[in-house]
Amino acid sequence: MPKSVIIPEGTGVPLAPYVPGTMADGIVYVSGTLPLDDATVVFPGDATKQTEHVLTTIKGVVEEAGGTMDDVTFNMIMIKSWDDYPAINKVYAEFFPGDKPARYCIQCGLVKEEALVEIASIAHVGKA
């Protein structure tokens, strides 16, 4: 089955040569998502609001593909500072209240200096 590109309505222009999401064989791959409004980082210095923005954006990609956040099976989380880890986890738990997806979290430099969090996801929305 060929892949299809997922670009939710209102999505800003990507900062590099990629798309917000790709779907193949019922699996949605969501690109690394920063807290951006177009090319500007939103909520500078606020890890809680940045995480809400990132996960809401991911939710939009997954829903555009016909899924829900319950279909997310794996998240790759990149954070700028471990100091923000508790705030990020609090928001994360609100978006995944039931069975949690597998995940990893690493501290690293992010492509935008003001960004505190970036998350990439995988969701299974097709029938097995």
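1. In which strand does Thr33 lie? Thr33 lies in strand β3, a strand being a DSSP run of E with at least two residues and a helix a run of H or I with at least four, each numbered from the N terminus. Thr33 is buried, as its relative accessible area is 10%; buried means under 20%, exposed over 50% and partly exposed in between, with a 1.4 Å probe and protein chains only. The side chain of Thr33 reaches the backbone oxygen of Ser31 at 2.8 Å.

2. On the basis of the note: this is a predicted model, in which local features need pLDDT of at least 70 and side-chain atom pairs count only at pLDDT 80 or more, while totals for chains, interfaces and linings use all residues. Residues are numbered from 1 along each chain as its sequence is written, and side-chain values use heavy atoms, without hydrogens or water.

3. The largest pocket holds about 450 Å³ of space. Its lining has 22 residues, and Thr11, Gly12, Thr33, Leu36 and Thr57 are the closest to its centre. Two or more lining residues come from each of β3 (27–33), β4 (36–37) and α1 (47–64). A pocket here is an open set of points on a 1 Å grid over the protein atoms alone, where a 1.4 Å probe fits, with protein on both sides within 12 Å along at least five of seven lines; lining residues have an atom within 4 Å of a point.

4. Helix α1 has 18 residues and reaches 26 Å from its first C-alpha to its last, close to the 26 Å expected at 1.5 Å a residue, the expected span being 1.5 Å times one less than the number of residues. In α1, Ala47, Gln50, Thr51, Val54, Leu55, Ile58, Val61 and Val62 are buried. These residues are on the same side of α1 because they cover an arc of only 125 degrees around the axis, taken from the directions from the helix axis to the C-beta atoms.

5. Both ends of α1 deserve a look. Asp46 caps the N-terminal end, with a side-chain oxygen 3.1 Å from the backbone nitrogen of Thr48. After α1 comes Gly66, whose phi is positive, near 95 degrees.

6. Two further residues may be checked. Ile79, in strand β6 (residues 72–79), counts as buried at 0% relative accessibility. Ala87, in helix α2 (residues 85–95), is partly exposed, with a relative accessible area of 25%.

Technical notes
Points joined across faces, edges and corners; volume = space filled by probe spheres on them. Polar contact = N/O pair within 3.5 Å; in protein donor to acceptor, adjacent residues only side chain to side chain.
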